Amino acid sequence: MKEELIERIVENVLQGRRDKDDEGIEEDYAGEPGVAELVQEALDNGIDTNTILLEGLSKGMEQVGQKYETGEYFIPDMLTAAEAVEAGMKIMEPHLAGEGESEGKGKVIMATVEKDLHDIGKNLVSIMLKGSGFNVVDLGIDVPAARIVEAAEEEKAELIGLSALLNTTMVNMEDVVRELENKGLRDKIKVIIGGAPTSDDFAAEIGADGYGKDAFAAIRVAEKLLSGGNK
Amino acid sequence: MSQRGVIVGKPYERLSQEQVEIINRTSLDLLKDPGILCYHEESVSMLEKAGAKVKATREGEHDAWWVSIPEKVVKQALDTAPSKVTLGARNPENQVVMDAEVTRIHFGSGSETNYWLEIEPETFSSKKDGREQVFPVMKKSRGNLGFLARSAHLANNLENLDFFIRNVNVQDEDVTTENKDVNVFFTSLNNITKPVVGGIADFNQLKQVVGMAEIIAGGREELVKNPVTSFITSVIKSPLQVVAETAEKLIEIARMGLPVVISTSPQGGSTAPIDELGMVAQVNAEALTGIVINQLANPGAPVIYGAVPVRARMDDLHDMYGVPEFCHYNMACAQMARHYKVPCYSTAGVGDAKVPGVQAAVEKMFTYTAVPFAAPDLLHYAFGLLDKTQTFSPEQAVLDNHQIGMVKFLHRESGVTAEAAEETRKVVREVMNSPYRMYARHARKMLRKGGIFEGFPFEGESDDQDETLLKLHERFKQIEGEEPEHLPEDMCKKIFDQTPGLLPRLNPHAK
Ligand code: B12
């Protein structure tokens, strides 16, 4: 029973089905429960959140990643799978808070920096981070440094992810690092950056903790930075 | 029924109705005056009986006849020529079903190059800093039966190749004029399950080749229903001359009721006028001549209007394929064939370039993107042909397969329907109300339905070298590893028992 439910969660993550109304990759899923319903059922059956998260949602997402590596899955498949994971996380949220412990792999603030409107890449990173078990608060585009730091403080985030696509706006990433220093938060909150004009070198130059060239790198860097953290 | 090829929704009509009529008129006038110069006595008497005016003459060592063909003879032939012709195949699912009134285009290979040009990757080190890099080195060999077998096997595995015309000429020591046809047809048929189309060099072997095809198809009647091999006859020597030997084959094939392409290949600037009107009027008159002879021999026999008009190169009078005039000629011919409601065999995709590379890609992409807009039924020469048809490159054929895949995709239907519009409204509303406003879920659906083109599969990783040729070579080698689909043992035994001249070394089941 328990194993079968978890197995179906994995399967529905692979199929990218948020709920019963979603189609799968194969068409014959109509009306069957999706990730949201299955997670609810698992909770109702007393399966603990950690098991649902690690053996269901995260495991599904891992398999999605493997299928991507072998060329069977493409980015749209990853995104739909990540959405399905997110739908499951939403159901779990009140229970996680109730248990009063860690929220997935950690809390991340994502934003495109001030004066920059590009968000396709940033959204991809946000969705994929969520899909792999991070708790992401996405502030959107054109966000001033002060607002980003304020939100990180409010949300008790452990990581800030910044995106910039213009070489005129990438300099605004440095403002975020300075603002954290000014507020004495620099040692509590890590900063990673990304976007076409940025690089490892640029990250080092402005004193950020990491750089990711794509969404997969974003996950790797985020996992590395938060693994030694407060769990 | 087989659904190979792709429908061209609204064929591009380069010529107005009035211009089609001008060309038709001009061709008919040319067939009357000067008429054709025919070297084949039987054709002449058939034409005369049908109402043509004939005047005997001598051309060098040969008897010849000036034949003035009246309009009604042409019209009669066009009335009896079928608009539906099927090229059969060992695997009937691979049949090419042509209907002059359905604008479905099929892509094929061809034809008989002298050379096989293959890539051999080699490592070089820089004189400057010793850095090592792999480059594609070209190895050129004379064609033989081994290469022909490999090219047929390759063609069998190229999903966008719809019919096979042999790619390499064979120059083996044990192949002579007396046994060449049986050996090349057997080698082709033994390695591909798609339609085989080809020319016959020696009239005496036509019966043996057809006998072989009958064994494969399962009998005489079966062969007419599923002609696993069809023929090409270059019955015309431009300008406007009918060759005796080829006319004989054309008539015999017509009588057997097997499909035949009337192929005429004038060169604009030497054997035909170079301007579009002049070229198309002449090549059209030539194709019509072939159809007339074919239909006089056997009214209703399956026949295909074949035009291979090319332009002369101005610096050495070689053929030139990768130029806009080539497209003009071929598009206009496709339109003329449709006007007559006879299936059309057209041409595109030959590289004038000697080796695969930028020049070849530009020339090929240009012509086999443009000509299909006119929707001929068959487009030959489209795979691997380089050096103005002198050279076949298997790696180039692998690239052509991909590029032709793009061309086929280009002609897919737009999908604009009232029901689809309802779905669009739904999707946009849904996405606008979702957190990231992304269409990924929708894209995934298209992707899984096969609605999204794969992209360029031979992309390299290097920042300073084009690795396409190396990737093509890898893919070619991978295809070569695929199990061949040979003819079954008992069938081979029957064929070898019955066909004189067939080389025992070709039997795949021989110990
Ligand atoms: C789409 C686009 C737009 C769209 C944006 C729509 C949207 N919703 O985002 C619109 C039309 C609005 C736009 C506007 C402009 N654009 Co624009 N745009 C682009 C374009 C074509 C694609 C960007 C994109 O989405 N890429 C796809 C995503 C998936 O890739 P990505 O963003 O790089 O993200 C990946 C990684 O970088 C990384 N990543 C991204 N963020 C993060 C964050 C973290 C933390 C991590 C770890 C990783 C990470 O992971 C992502 C996923 O793999 C680029 C060209 C290009 N090739 O990049 C130009 C480009 C970025 N734009 C450019 C310009 C100049 C402009 C305009 C100034 C044009 C104008 N004159 O108006 C305006 C500026 C508007 C503004 N103030 O921001 C220039 C920038 C030049 C420069 N170096 O400064 C570019 C490079 C085009 C060019 N060559 O000229 N643009």
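1. B:M432 is partly exposed, with a relative accessible area of 47%, where buried means under 20%, exposed over 50% and partly exposed in between, for a 1.4 Å probe and protein chains only. Although B:M432 and B:A510 are 78 residues apart along the chain, their C-alpha atoms are separated by 68 Å.

2. A word on the basis of these remarks: this is a predicted model, in which local features need pLDDT of at least 70 and side-chain atom pairs count only at pLDDT 80 or more, while totals for chains, interfaces and linings use all residues. Residues are numbered from 1 along each chain as its sequence is written, chains are lettered from A and ligands numbered from 1 in the order in which they are written, and side-chain values use heavy atoms, with hydrogens and water left out.

3. The ligand carries a cobalt atom with a single donor from the protein, A:H118, whose NE2 is 2.3 Å away; donors are N, O and S atoms within 2.8 Å of the metal (3.2 Å for Na, K and Ca), and since water is not among the atoms, sites may look incomplete. A:H118 sits in the loop of chain A between β1 (107-112) and α5 (120-131).

4. Around the ligand there are 25 residues, of which A:L117, A:H118, A:D119, A:S163 and A:N167 come nearest, a residue being near if one of its heavy atoms lies within 4 Å. The shell divides into 12 nonpolar, eight polar and five charged residues, where Ala, Val, Leu, Ile, Met, Phe, Trp, Tyr, Cys and Pro count as nonpolar, Asp, Glu, Lys and Arg as charged, and the others, Gly among them, as polar. In chain A, α5, β3 (159-163), β4 (190-194) and α9 (215-227) each supply at least two residues of this shell, and α5(A) gives the largest share, with four.

5. Helix α9 of chain A includes A:L225. Beyond residues up to four places away in sequence, A:L225 touches A:L159, A:K190, A:I192 and A:D209, contact meaning heavy atoms within 4.5 Å. With A:D209 the separation is 16 residues in sequence and 8.0 Å in space, C-alpha to C-alpha.

6. In chain B, helix α6 (residues 203-217) has 15 residues and reaches 22 Å from its first C-alpha to its last, close to the 21 Å expected, the expected span being 1.5 Å times one less than the number of residues. Its buried residues, including B:L206, B:V209 and B:I216, pack against α5 (180-189), α7 (220-225), β12 (229-233), α8 (244-256) and α16 (489-498) of chain B. After α6(B) comes B:G218, with a positive phi near 100°.

7. Helix α8(B) has 13 residues and reaches 19 Å, close to the 18 Å expected, and its buried residues include B:A247 and B:I251. Leaving aside neighbours within four places in sequence, B:H40 is in contact with B:A247 and B:I251, among others. B:H40 is buried, with a relative accessible area of 6%, and lies in the loop between β2 (36-38) and α2 (41-50) of chain B.

8. Most residues other than glycine have a negative phi, and most peptide bonds are trans. The peptide bond from B:D33 to B:P34 is cis, with omega near 15°, as is the bond from B:S238 to B:P239, with omega near -5°. Phi of B:K341 is positive, near 60°, and this residue, in the loop between α10 (324-340) and β20 (344-347), is partly exposed at 40% relative accessible area. B:R437, which is not a glycine, has a positive phi of about 50° and is exposed, with a relative accessible area of 51%.
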